[in-house]
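I opened the notebook today to walk through a model and jot down what I looked up.

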Amino acid sequence: MLRLVNQNRGFAGAVSLFVVLFVIYNILHPRGFSSAVLVQNANESVAIAFVAMAQTVPVLMRGLDLSVGAVMTLSACVASYLLTGSGLDISLGILATLAVGTAFGLLNGLIVVYGRLQPIIATLATGAVAIGLALLLRPLPGGDVDGDLGWAMTNTVWDFADTYGLADGGEAWWLAPFANIPVPLILLIGVALLVWLPFKRTVTGRTIYAIGSAEGAAYVSGLPINRAKLAAFTLAGFFSACAGLYLALQTSTGNADTVQAGAYTLNSIAAVVLGGTALAGGIGGAIASIVGALILRVISFYFRILDIEPLLQPLIEGLVLLIAVSIGAWRTFSVKNRLELFR
């Protein structure tokens, strides 16, 4: 066990920090350790957790995706039009929303691989395109997201079963142990387990880590470099679309908010670093970034219960971001071959 912790010190430190912050927050909260507080916290954390997962994949290859917030915003705007009607209509709407984000991710990958542009430049440009399309779709906030779906996906398992008449309206005996679990957490963990972990174990997934560690060596070894880069950016687009889809369910609207898109992009980088993923690439993972995103959110929760002046929030969040990124860059001081810094 101790050996496992030593091998994953960044992740272990992030989990420990989150547990300490979350326990203290619940002790200070007037309604702490209750299902209602847990559901509220989950709702406020899932979107940034998905965006952090999206940012993780390019970072593992020593890249950055500056379009994740914009793609999330565009996906939310698309979802605000399509998540209504019959069950079939809503299902097709969900698939279309995810397809839009995934297509933007694939576009990023094609530009980086075949256009040979730096990821930071390519994604900055495509992010601007995504925000432009979002503004065309939703020049003003609005939307028509199915109310039952929005309620069921943003509350507890019992509420989900009650809304759709499953498990005797949520009263089935076997559902009782899970009744108070927030559905957003199940959604987040489900995507991580069903998408990220299987992908990580594929040759393409391992190649992403190899690119971040030593791209030249990976190329010489015959690993599928281009395929891995395309898959990485495509997966980032998919996770961003998941964030946008959930944001639309949570707010029942689409809103082409450029400030919000930029904030999510910046916070995704901070979450990645706080989770223990190295900006130098090759170390970390999407699960760790979820923990990093939860740490960021818990810090913001303290503003509410401690009655901290809201105007100070951007200042403190900016300092946390600066400290997190500085910690992530600390590893560069240990690089002996300075040419490595200019790769």
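Below are my entries, grouped by the part I was looking at.

**Entry 1: ground rules**

I am working with a predicted model, so I kept to local features with pLDDT of at least 70.

**Entry 2: helix α13**

I started with helix α13, which covers residues 258-274. I checked its length: at 1.5 Å a residue, its 17 residues should span 24 Å, and the end C-alpha atoms are 24 Å apart, so the two agree.

Next I looked at how the helix begins. D257 caps the N-terminal end of α13, with a side-chain oxygen 3.0 Å from the backbone nitrogen of V259. After the helix comes G276, and I noted its positive phi, near 105 degrees.

Which residues of α13 are buried? I listed A261, Y264, T265, S268, I269, A270, A271, V272, V273 and L274.

I moved on to T277, which sits in the loop between α13 and α14 (286-305). T277 has 1% relative accessibility, so I put it down as buried. Its side chain has a polar atom 3.2 Å from the backbone nitrogen of G285.

What does T277 touch, leaving aside neighbours within four places in sequence? I found T56, V59, L60, V272, I283, G284, G285 and S289.

Not counting residues up to four places away in sequence, S289 touches A52, M53, T56, A271, V272 and T277.

**Entry 3: salt bridges**

How many salt bridges does a search of the whole structure find? I got 2.

One of them pairs the side chains of R304 and E44, at 3.1 Å from N to O. R304 lies in helix α14 and E44 in helix α3 (residues 35-60), so this pair ties together parts that are 260 residues apart in sequence. R304 is partly exposed at 40% relative accessibility, and E44 is partly exposed at 24%.

The other salt bridge joins the side chains of K229 and E215, at 2.9 Å from N to O. K229 lies in helix α12 (residues 225-251) and E215 in helix α11 (residues 203-220), so here the tied parts are 14 residues apart in sequence.

Is K229 buried or exposed? At 18% relative accessibility it counts as buried, because the cut-off for buried is under 20%. E215 has a relative accessible area of 28%, so I wrote it down as partly exposed.

R62 has a positive phi of about 70 degrees. R62 is in the loop between α3 and α4 (68-82), and at 33% relative accessibility it counts as partly exposed.

R116 also went on my list, with a positive phi near 55 degrees. Its place is the loop between α5 (87-114) and α6 (119-137). R116 is exposed, at 72% relative accessibility.

**Entry 4: T154**

Where is T154? I found it in the loop between α7 (147-153) and α8 (157-164). T154 has a relative accessible area of 10%, so it is buried. The side chain of T154 reaches back to the backbone oxygen of G150, at 2.6 Å. Leaving aside neighbours within four places in sequence, T154 is in contact with V39, N43, P184, Y246, L249 and Q250.

**Entry 5: a nonpolar patch**

I finished on the surface. L312, L315, L319, L322 and I323 form a nonpolar patch there, and together they have about 480 Å² of accessible area.

I picked out L322 from this group, in helix α15 (residues 313-329). L322 has a relative accessible area of 55%, so it counts as exposed. As a reminder to myself, an α-helix has 3.6 residues a turn, so residues three or four places apart point the same way.

Definitions and conventions
Residues numbered from 1 in each chain as written. Predicted model: local features only at pLDDT ≥ 70, side-chain atom pairs only at ≥ 80, totals over all residues. Heavy atoms only, no water. Patch = residues over 30% accessible without salt bridge, like charges linked within 9 Å, V, L, I, M, F, W, Y side chains within 5 Å. Areas by Shrake-Rupley, 256 points an atom, 1.4 Å probe, with all protein chains shown as cover. Salt bridge = Lys/Arg side-chain N within 4 Å of Asp/Glu carboxyl O. Helix = DSSP H or I, 4+ residues; strand = E, 2+ residues; numbered from the N terminus. Buried < 20%, exposed > 50% of the residue type's maximum accessible area, 1.4 Å probe, protein only. Expected span 1.5 Å × (residues − 1). Polar contact = N/O pair within 3.5 Å; in protein donor to acceptor, adjacent residues only side chain to side chain. Contact = heavy atoms within 4.5 Å.
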